[in-house]
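Thanks for making time this morning.

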Amino acid sequence: MTRIVPITPEHRDEWERLYAAYAAFYKVEQTPEMRARVWGWLQDPDHEVTGFLALDDSGRPIALAHFRPFARPLAASTGGFFDDLFVDPQARGSGAAQAIFAAIAEEGRKRGWSVIRWITAEGNYRARSVYDRVGVKTKWVTYDIPL
């Protein structure tokens, strides 16, 4: 049975393991300093980014999720943006991703959010098979301006 918990200080080493694997999956260079910055955000109650871990039956973290609020001016509401989701490859198919989505949706309801939104890579087919079951693919195309 997967249990979802907030990320707390005792999870640092396992969170680092999962977050480094997430960066490697997307072939994104991530330094220990970058992970330390994100860890600081997660531990700062005044920072917008927060997160959950999925724990297996033994209490070992097997998945992570980071999320935050975002303003939706056209809808005159606040939504939740789901920035990062990573499930340990050995735990894929365990239901951890669905449990995290359910926990974030519940958190969003508590906060009065109108939507939970996320993006993923076009070729991330395994994850997209989960996303197609828990969400609705939008018509929007994403762009970036590198700064």
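Predicted model: local features only at pLDDT ≥ 70, side-chain atom pairs only at ≥ 80, totals over all residues.

Let me begin with a question: in which helix do Trp 15 and Tyr 19 lie, and how many residues apart are they? Both of them belong to helix H1, which covers residues 12–25, and they are four residues apart, or about one turn of the helix.

A search of the whole structure gives 14 aromatic pairs. One of these is formed by Trp 15 and Tyr 19, whose rings are stacked, with 5.0 Å from centre to centre and 25° between the planes.

Those two residues also take part in the packing of H1 on helix H2, residues 32–43, where the two axes come within 11 Å and cross at roughly 125°. H1 and H2 are therefore oblique to each other, and their crossing is right-handed. On the H1 side the contact is made by Arg 12, Trp 15, Glu 16, Tyr 19 and Ala 20, which meet Arg 35, Ala 36, Val 38, Trp 39 and Leu 42 of H2. Sorted by class, this contact has seven nonpolar residues, three charged ones and no polar ones.

Let me move on to the other helix pair, H3 (residues 96–111) and H4 (residues 125–134), which pack at an angle of about 40° with their axes 11 Å apart. That angle makes H3 oblique to H4, and here too I can give the hand, as H3 passes H4 in a right-handed crossing. Ala 97, Gln 98 and Phe 101 of H3 meet Val 130, Tyr 131, Arg 133 and Val 134 of H4, and by class this contact has five nonpolar residues, one polar and one charged.

Now to the strands. Strand E2, residues 50–55, pairs in the antiparallel sense with strand E3, residues 61–72, over six bridges, and E3 in turn runs antiparallel to strand E4, residues 77–87, to which 10 bridges join it. Which residue of E3 is the bridge partner of Leu 53? That partner is Leu 64, and Leu 64 also stands opposite Phe 86 in E4.

Finally, the turns: the hairpin of E2 and E3 has five residues between its strands, and Gly 59 there takes a positive phi near 90°, while the hairpin of E3 and E4 has four residues between its strands, with Ala 76 in the turn at a positive phi of about 50°.

Notes:
Residues numbered from 1 in each chain as written. Heavy atoms only, no water. Pairing = 2+ DSSP bridges. Axes fitted to C-alpha atoms, helices over the stretch in contact; angles between N-to-C directions. Parallel < 35°, antiparallel > 145°, perpendicular 65-115°, else oblique. Left-handed = near helix turned anticlockwise from the far one by under 90°. Contact = heavy atoms within 4.5 Å. Nonpolar A, V, L, I, M, F, W, Y, C, P; charged D, E, K, R; others polar. Phe/Tyr/Trp six-rings, centres within 6.5 Å; stacked < 30°, edge-to-face > 60°.
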